[in-house]
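Dear colleague,

Here is the structure I promised to pass on. Please open it alongside this note. My findings follow below.

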Amino acid sequence: KYYKNITEKRKNDLNFDSEKFNLGAQFVSDEFIQFLNIAMLQYFSMFFNINKKPAYRNMLMITQGYDFAIPSKERNGAFISLQRTINSIQNTGNWLFAPLNLKGITNPEEQHAIIYFMIYEFNEMLIPLAKYFDNVFHIDCRGTADSKDDWFDELHLESHAFKKVAKKYEECIKDNARKIGSATNKIYRVADN
């Protein structure tokens with residue numbers, strides 16, 4: 001089956017949690033993998049078509065994968081920001097917890113494992129694109145958040161945590177702005193700082 005082959009392939013990846021990955025894989029449908037394959041083809045087509053135009057061949061294109069989000073009905077901190085207040089009033093910002101619960105997946109460990117699997121595979125889908133195209137790079141955010149306090153809501157990092165991501169963008173741009181095609185680093189891992 002797909003997941004056994006992937007687990008074997010991923011086992012040597014830095015900080016790969018095979019138990020969490022395998023638990024999450026039990027819940028994820030084949031349609032999700034098909035969705036990732038279609039997304040990869042769409043990204044490929046977009047980058048390919050952009051690069052067909054000579055004016056854009058030296059333009060940096062950067063993809064970004066999420067960190068391992070935490071499904072939760074709670075939001076961090078007091079509602080001191082406008083966005084938190086809007087989310088509270090409109091009952092938005094529950095992109096993961098509510099849908100998982102609606103599907104009958106209420107165990108927090110299983111919820112975290114599902115998101116771990118999905119985020120892991122989303123990043124792994126983007127990485128080959130960066131390696132294929134000379135002017136495409138990937139910002140890998142897996143492992144950026146050190147604690148629950150680093151999350152604004154269940155999917156988005158707080159500003160102080162996202163500054164780490166911004167620094168990787170800056171590093172990527174500075175490293176590659178003038179040397180498309182000769183880059184030695186195509187993947188920028190935020191957690192490596």
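How do the residues of the lining of the second largest pocket divide into nonpolar, polar and charged? The lining has 18 nonpolar residues, one polar and one charged. Keep in mind that this is a predicted model.

Helix 3 (30-52), helix 5 (97-102) and helix 6 each give the lining at least two residues. Helix 6 provides the largest share, five residues.

Helix 6 also packs against another helix. Helix 2 (residues 18-25) and helix 6 (residues 108-132) pack at about 95°, and their axes lie 7 Å apart. Angles of 65 to 115 degrees count as roughly perpendicular, so helix 2 and helix 6 are roughly perpendicular to each other. On the helix 2 side, the contact is made by K20, F21, L23, G24 and A25. Helix 6 brings E109, E110, H112, A113, I114, Y116, F117, Y120 and E121. Sorted by type, the residues of this contact are eight nonpolar, two polar and four charged.

Last, the salt bridges. The whole structure has six. One of them joins the side chains of E124 and R142, at 3.0 Å from N to O. This pair links distant parts of the chain, 18 residues apart. E124 sits in helix 6, and R142 in the loop between strand 2 (136-140) and helix 7 (159-176).

Best wishes

Notes. Residues numbered from 1 in each chain as written. Predicted model: local features only at pLDDT ≥ 70, side-chain atom pairs only at ≥ 80, totals over all residues. Heavy atoms only, no water. Axes fitted to C-alpha atoms, helices over the stretch in contact; angles between N-to-C directions. Helix = DSSP H or I, 4+ residues; strand = E, 2+ residues; numbered from the N terminus. Parallel < 35°, antiparallel > 145°, perpendicular 65-115°, else oblique. Contact = heavy atoms within 4.5 Å. Nonpolar A, V, L, I, M, F, W, Y, C, P; charged D, E, K, R; others polar. Salt bridge = Lys/Arg side-chain N within 4 Å of Asp/Glu carboxyl O.
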